[in-house]
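Student: I have a structure open and some labels to check. Can we go through them?
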Amino acid sequence: MQTKSSCRPPRGTTYLTIGQDLFSIQQYVNEQFNSSLHSGSMSPMSSFFPSAVMAYTDLSSLRGLEKPTDYGSGIEYADGVIQNLFSGYDVGLQIGLWLSGADGCDKINQGKMDGQIQKLVRYLEGSPASKIFLRIGYEFDNPSFGYSSNPGGYALAYRSIVDACRAELSIERRKKVYFVWHSWGAPTSHGAELDDFYPGDDYVDWVGVSIFQQLYPWAKPWDGSLSDVDSVMNFASQHEKPIMIAESTPFGGIDLNTSNTRLFRLEDPWDRWFRPVLDLIDRYDVSMWCYINCAWDQQPMWHGVGFGETRLSTSAKVMRKWKELVLDGGSDNWRDDMQHGARRKFLTVGSLGDCAGTDETSDQLSRDIVAVDSLFGSGEDATAIKASYSFQHMTESTKRIGAGVILAGGAMCIFGALLSLLWCRRAAAAHHSCRETKNNSRKVRFVDDVAVSEKTPIVQGREQQRNEIWLLVGG
């Protein structure tokens, strides 16, 4: 039975999402376009549109979706971003849905928020976004957000919202709405564990994690560490869920300059934060990276909190590296890229439209083929290798389908041979002769369970050394 796709991109690729308010998103696009023009590029502005954009709202008011609002953190206006900044383009929407802690979850579980949930469902149904990723009760394990006193209540509230969406959304819209379970990736309180908050595999499409200060070697224990982020990503892998870096920015600012940056020799902003993030993305094959491009201190909610200035355009080096390793996908020398933080392609505008209507089997196969493509490049030899690879490494269900096709093809060949023999015998009876038919069949053998014949040489191995093996292709 075919199920809704998780919208996981091919292996080795990551959706690029930008946030987290209307004007920060606009500033990102404008500055990337401006930089490209100064470098002599003729690329259109739309080439810098992300795959999706971020927005925030709270269940009790649902402000910031259909109409603009300012929570003190810039203009939140989901429809405005999609329709005004990216009108006519396939851009997705990543929504952070605030549930107001344990008290808010209690109201949901008591049925007191059913009316608001219905309004949310109606918004999701009519949203102009091509895809929607709904982070329900984002950073549920953040001690300051108030969910930790009742993890089970949070999980129940999460399920209630998902159940309502599945019951009320149209079939087509259900294919385009994904539910994200988003941890803050740092220590919890009340002795709560990740499992305590988990609503179950049937209710989670993606697992999200925040990355701020955890990557710094001087981070305090309560700020989290790389091991906390690893725990969330490993949890996602164990549950076979695509991973989203749901909120991220270099805490302290791109221009951070303190005794700690000097002590640990991390004055370079790219080496200090961006490179470790790219390492994580590659290590766990992260499916979506949401970067917050923001002048935090200019927003009342965040002024003086310590986030600093994280707009990419504030650093010429960061802009240059971002273009080289994120927007341009690295250099042509992938081995060199692997030593310098670029190991994948970041997907931008229009990429989310390709994920609708596919199931996990086809998702896995496409990821495997992309991985082989990154290793072997292009050309006839590489094409043969990728064909061999895809046959060996496709999922079990695909193998069964392939085996059925092979058996059916074999039956057709036998049937054809019988018809040919019958024709020959009839011809012999009529003309008293029958020319002996020579067997022109190819000699076929198997190498690592892959059918090969003495027909077409292929190159096998990353070093492209010719081993005299042959791939059976065609008739």
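Tutor: Start with a cut-off: contact means heavy atoms within 4.5 Å. Keep in mind that this is a predicted model.

Student: Which residues of α1 and α11 meet?

Tutor: From α1, Tyr 28, Glu 31, Gln 32 and Ser 35. They meet Met 319, Trp 322 and Leu 327 of α11. The residues of this contact divide into four nonpolar, two polar and one charged.

Student: Why are α1 and α11 called roughly perpendicular?

Tutor: Helix α1 covers residues 22-38 and helix α11 residues 316-327. They pack at an angle of about 95 degrees, with axes 11 Å apart. Angles of 65 to 115 degrees count as roughly perpendicular. Therefore α1 and α11 get that label.

Student: What makes Thr 17 buried?

Tutor: Buried means under 20% relative accessible area. Thr 17 has 0%, so Thr 17 is buried. Thr 17 lies in strand β1, residues 13-19. Leaving aside neighbours within four places in sequence, its contacts include Pro 50, Val 53, Gln 94, Trp 289 and Tyr 291.

Student: How do you know that the span of α8 is close to the expected one?

Tutor: Helix α8, residues 226-238, has 13 residues. The expected span is 1.5 Å times one less than the number of residues. That gives 18 Å for α8, and the helix reaches 18 Å from its first C-alpha to its last.

Student: Which residues of α8 are buried, and what do they pack against?

Tutor: The buried ones are Val 229, Asp 230, Val 232, Met 233, Phe 235 and Ala 236. They pack against β7, α7, β8, β9 and α10. After α8 comes Glu 240, with a positive phi near 55 degrees.

Key: Residues numbered from 1 in each chain as written. Predicted model: local features only at pLDDT ≥ 70, side-chain atom pairs only at ≥ 80, totals over all residues. Heavy atoms only, no water. Axes fitted to C-alpha atoms, helices over the stretch in contact; angles between N-to-C directions. Helix = DSSP H or I, 4+ residues; strand = E, 2+ residues; numbered from the N terminus. Parallel < 35°, antiparallel > 145°, perpendicular 65-115°, else oblique. Nonpolar A, V, L, I, M, F, W, Y, C, P; charged D, E, K, R; others polar. Buried < 20%, exposed > 50% of the residue type's maximum accessible area, 1.4 Å probe, protein only.
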